[in-house]
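This briefing goes through one protein model, topic by topic. Keep the sequence and the 3D view open while reading.

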Amino acid sequence: MQSKQTSYDVIVIGSGVAGLSAAVSAQENGASVCVIERAPADDAGGNTRHTGAYIRMKSVDEVSDDFEEHFADNAGGYLDPLMMADVARDQQSWPPLLKAFSFVDPNVVSALAQQAPATLKWLTGYGVRFTPLEVPFPTSAQPRIVPSGGGQAIVESLTKVFTNKGGTILYETAATSLIQNPEGAVCGVRALGRGNRTLEVRSGAVVVASGGFQGNAEMLTRYIGPRALNLRAMSVGGQYNKGEGIRMALDVGAAPCGDFGSYHASPMDPRSRRAGPSIYIYPYGILVNKEGLRFVDEGPGETDETYERVTRRIFAQTDGIAWCILDAKVADVPNQSVAIRTEQPAIEAATLGELAGKLGVPPAMLERTVAQYNAACVAGEFDPRRVDGLATRDLHPPKSNWARPIDRGPFKAYPIISSIVFTFGGLKTDTMARVLNLQGDPIPGLYAAGEAQGLYYGNYTGATSVLKGAVFGRLAGSDAAHASRASTSAAPA
Ligand SMILES: Cc1cc2nc3c(=O)[nH]c(=O)nc-3n(C[C@H](O)[C@H](O)[C@H](O)COP(=O)(O)OP(=O)(O)OC[C@H]3O[C@@H](n4cnc5c(N)ncnc54)[C@H](O)[C@@H]3O)c2cc1C
């Protein structure tokens, strides 16, 4: 829908879970709201449209036991203890340097954990239903719940609520930069419509909810490096996220947060045409690179807690690719549809040499690698449903669990690359999703939520991105509605 109106209380950039949560919440708080969305209506919703939307909670009332601890364990690089000494103080009294610092603010994580139950109940009020997920991965350390219908159900429910209440969505329109008033407050957005048509929309506040930059080859190369060429977005939806939201906020002085050089990695079948074609079966076989060599412990622990680290090692191999090698015994692994999410068949052969030929891996090397691995396997009880401790002996790298010989044909292989689910680099916010500047002060009228709000470093705290988008989107929307009203009433008549 295109609109002739050019001024609103709140503008939201993006209509994934973060943007729609912000838009509906701002509307609930009395604001007139315009959503600017790059995609056409039937493809809008970015990554959210394509996700199963697992949520790291035991139930709608309770987050996982390790929730805040996992974020704290992945809080940044080697954090300076002198700077961190002030973290325990009330946040208002933090020195400006700490407020603007690029690390995981424990107050933001606490707000996420505390607001999670209320936010899911709020979504339930708009028709989204959550249920426990019994088998999220072949083996799991932490529980997950899911919305029925996945992220698409969230996008469709909230879009309907928003438009039924008179909200405007400008589809096929990409926000390009922020407009500021002479005092530095954000008061609108410049955008591009179809055919490079420029437009300006004014508002009392802007919520940046336009995702990360996984759809922008230049930014990926700049921040992650030239090897980013070997990454593929986990869904086509992620390709709409080209990073302008993050860039436009940095351009007006926003502080960065989240690891700009990293991203959420997940093992995917590069041949697949589906969103989310993950391959989690490798713990029951071995991984070899283009040279036919093993390079990582394939079974270091529960799949949900370790797949990202294994995927990063795959990314580090020649051309960022590896193959999972399995034998006929893999048929006794239960829940194969959870472990193998590609629609593409395994590559099969009667012998390892023949399989290597089909993969383009040196046959003699693959045969030698498998022989060495088989020789290091010991007798013991194999249990695919839990960490079984069936480890190799005197092998480097070791395989810590599920180590059975690969000796019964036909042999199978799946190619695996690292997908980029979303980028980690984003904007620093406070607990109300207000974007902070490099002095640690909120930039008046500017909010960020979802992937655009940076919070991840190191190992992603799995199944928290949709939740984070919903929680901080909702908070951003309500605060933006109030801030916009306050700025309008304060403006000279
Ligand atoms: C296959 C798959 C599985 C996943 N599984 C999980 C999971 O189980 N649990 C979990 O928590 N997370 C998961 N994720 C990640 C999660 O889906 C996303 O990180 C989250 O949904 C992001 O929400 P968002 O609102 O920030 O961004 P998005 O949903 O990506 O929405 C961003 C929107 O902004 C629009 N946009 C971008 N740039 C502009 C611009 N300049 N102007 C206007 N509009 C713009 C885009 O078109 C898009 O509609 C998964 C992702 C994928 C792809």
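The notes below cover the domains, the ligand surroundings and some backbone details.

The model is predicted. The protein is split into domain 1 (7–262 + 424–490) and domain 2 (265–419). Their centres, taken over C-alpha atoms, are 35 Å apart.

**Contact between the domains**
- Domain 1 puts 21 residues into the contact, and domain 2 puts in 27 residues.
- On the side of domain 1 that touches domain 2, 10 residues are nonpolar, nine are polar and two are charged.

**Around the ligand**
- The ligand is surrounded by 48 residues, and the closest are Gly14, Gly16, Gly46, Gly276 and Gly450.
- Elements that give two or more residues to this shell include helix H1 (17–28), strand S8 (174–180) and helix H8 (244–251).
- Helix H13 (465–490) also belongs to that group, and H13 supplies the largest share, four residues.
- By type, the shell holds 19 nonpolar, 24 polar and five charged residues.

**Cis peptide bonds**
- Histidine 396 and proline 397 are joined by a cis peptide bond, with omega near -10°.
- The bond between glycine 409 and proline 410 is also cis, with omega about 0°.
- Proline 397 lies in the loop between helix H12 (363–376) and S17, and proline 410 is in the loop between H12 and S17 too.

**Positive phi outside glycine**
- Aspartate 394, which is not a glycine, has a positive phi of about 55° and sits in the loop between H12 and S17.
- Aspartate 394 counts as exposed because 8 other C-beta atoms lie within 10 Å.
- Alanine 463 has a positive phi near 65° and is placed in the loop between strand S20 (442–448) and H13.
- Alanine 463 counts as buried because 23 other C-beta atoms lie within 10 Å.

Note on methods
Residues are numbered from 1 along each chain as its sequence is written. This is a predicted model: local features need pLDDT of at least 70, side-chain atom pairs count only at pLDDT 80 or more; totals for chains, interfaces and linings use all residues. Domain bounds come from an automatic or database domain assignment. Two residues are in contact if their C-beta atoms, placed from the backbone, lie within 7 Å. Ala, Val, Leu, Ile, Met, Phe, Trp, Tyr, Cys and Pro count as nonpolar, Asp, Glu, Lys and Arg as charged, and the others, Gly among them, as polar. A residue is near a molecule or strand if its C-beta atom, placed from the backbone, lies within 6 Å of it. A residue is buried if 20 or more other C-beta atoms lie within 10 Å of its own, exposed if 12 or fewer, and partly exposed in between; C-beta atoms are placed from the backbone.
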